[in-house]
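Here are my notes on the model, point by point. Please read them beside the coordinates.

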Amino acid sequence: PTIQLKTESIKFIPFDKYNQDFTFIVNEKEYHTSRIVADLLSKKVSKLHFTDPINDKICINTRTKGDFNHFLSLQNFKVNQMTDDDIKFICEIAEQLETSNIEVKVNRDEITIDNVINRLLNDEKFDDFYSKEIESEIEFVSANFSELNSQQKDQFKNLSVSTLERILKNDQLEVESEDEVLKFVNELYRADDKYSILYSYVYFENVENESISEFIDIFDFESMTTSTWKSISMRLIQKVVTEKVKIRHRKKKEQK
């Protein structure tokens with residue numbers, strides 16, 4: 001037989017009764033709590049205590065502003081109602097303090113063509129906390145790729161490369177033709193070669209010759225990745241049908 005104390009038992013610990021012996025300095029303002037709460041809320045702090053057990057403070061600065069007490073209130077293990085601004089602040093705090101065991105639930109309007117890119121831009125900054133929302137947004141973008149690409153092409157450039165990868169490899173991706181995908185990646189690649197990884201999600205075997213020519217004109221071989229080469233190779237192994245066969249002339253051997 002085995003026996004184990006349930007993790008739910010931690011809910012009954014009176015954290016507020018412990019000595020306030022740890023200090024978070026957030027945007028130059030001090031917030032006091034116990035070391036056990038600090039370890040509970042922050043992996044970064046708990047790791048510090050493994051190497052330096054007497055460490056009693058940590059300093060962080062954030063882009064967004066808010067009340068750090070909202071973050072400390074998570075120690076009650078209850079569902080805490082907060083504003084959108086509070087959530088953004090807490091997500092940035094959690095990212096810096098390496099806090100991963102936070103569940104964020106949001107009530108939002110329906111995803112639409114008009115709002116999906118902006119929502120994705122906001123959510124991808126905190127993908128650990130908005131993973132479900134991001135997945136829904138990526139599926140929507142993929143399923144409506146052609147329309148979004150024609151109406152909000154410039155907005156795509158603001159998304160991270162990893163988010164664009166997830167869109168292009170998503171099973172819901174619907175496009176007018178594979179040429180559309182290649183031209184989309186070409187445009188991004190012209191602006192910055194960091195987008196070269198996206199070529200690995202192009203089905204080159206389904207691309208027309210005109211689009212291939214455009215790709216050849218702009219693509220730098222030094223940007224080639226293994227996955228991109230594999231994608232291009234699928235076109236190379238296709239049977240070639242031409243109207244006129246190009247003949248290579250061989251040099252005749254000299255007769256003795």
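1. Helices (H or I, at least four residues) and strands (E, at least two) are DSSP runs, numbered from the N terminus. Thr33 lies in strand S2. The model is predicted: local features need pLDDT of at least 70, side-chain atom pairs count only at pLDDT 80 or more, and totals for chains, interfaces and linings use all residues. Residues are numbered from 1 along each chain as its sequence is written, and side-chain values use heavy atoms, with hydrogens and water left out.

2. The sheet comes next. It is open, has three strands in the order S2-S1-S3, and its pairing is mixed. Two strands count as paired if DSSP finds at least two bridges between them. Strand S2 (29-33) and strand S3 (57-60) are the edges, each pairing on one side only. Direction ignored, neighbouring strands are turned by 20° against each other on average. Axes here are lines fitted to C-alpha atoms, for helices over the stretch in contact, and angles run from 0 to 180 degrees between N-to-C directions.

3. Strand S1 (residues 22-26) runs antiparallel to S2, and five bridges join them. With S3, S1 pairs in the parallel sense over four bridges.

4. Phe22 stands opposite Thr33 in S2. Is Thr33 buried or exposed? Thr33 is buried, at a relative accessible area of 4%. Buried means under 20% relative accessible area, exposed over 50%, partly exposed in between (1.4 Å probe, protein chains only). Leaving out residues up to four places away in sequence, Thr33 touches Asn19, Gln20, Asp21, Phe22, Phe24, Ala38, Leu72 and Gln75. Contact means heavy atoms within 4.5 Å.

5. Ile58 and Ile60 form the covered one, Lys57 and Cys59 the uncovered one.

6. Now the helices. Six of the eight residues of helix H5 (residues 116-123) are buried, so H5 is largely enclosed by the rest of the structure. The buried residues are Val116, Ile117, Arg119, Leu120, Leu121 and Asp123. They pack against H6, helix H7 (145-151), helix H8 (153-156) and H9.

7. H5 and H6 cross at roughly 145°, and their axes come within 10 Å. This crossing is left-handed. A crossing is left-handed if the near helix is turned anticlockwise from the far one by less than a right angle, and right-handed if clockwise. H5 contributes Val116, Ile117, Arg119, Leu120 and Asp123; H6 contributes Glu133, Ile134, Glu137, Ile138, Phe140 and Val141. The contact has seven nonpolar, no polar and four charged residues. Ala, Val, Leu, Ile, Met, Phe, Trp, Tyr, Cys and Pro count as nonpolar, Asp, Glu, Lys and Arg as charged, and the others, Gly among them, as polar.

8. Helix H6 (residues 131-143) also packs on helix H9 (residues 161-168), at an angle of about 60° with axes 8 Å apart. H6 and H9 are therefore oblique to each other. Angles under 35 degrees count as roughly parallel, over 145 as roughly antiparallel, 65 to 115 as roughly perpendicular and the rest as oblique. H6 passes H9 in a right-handed crossing. Ile134, Glu135, Ile138, Val141 and Ser142 of H6 meet Thr163, Arg166 and Ile167 of H9. By class, four are nonpolar, two polar and two charged.
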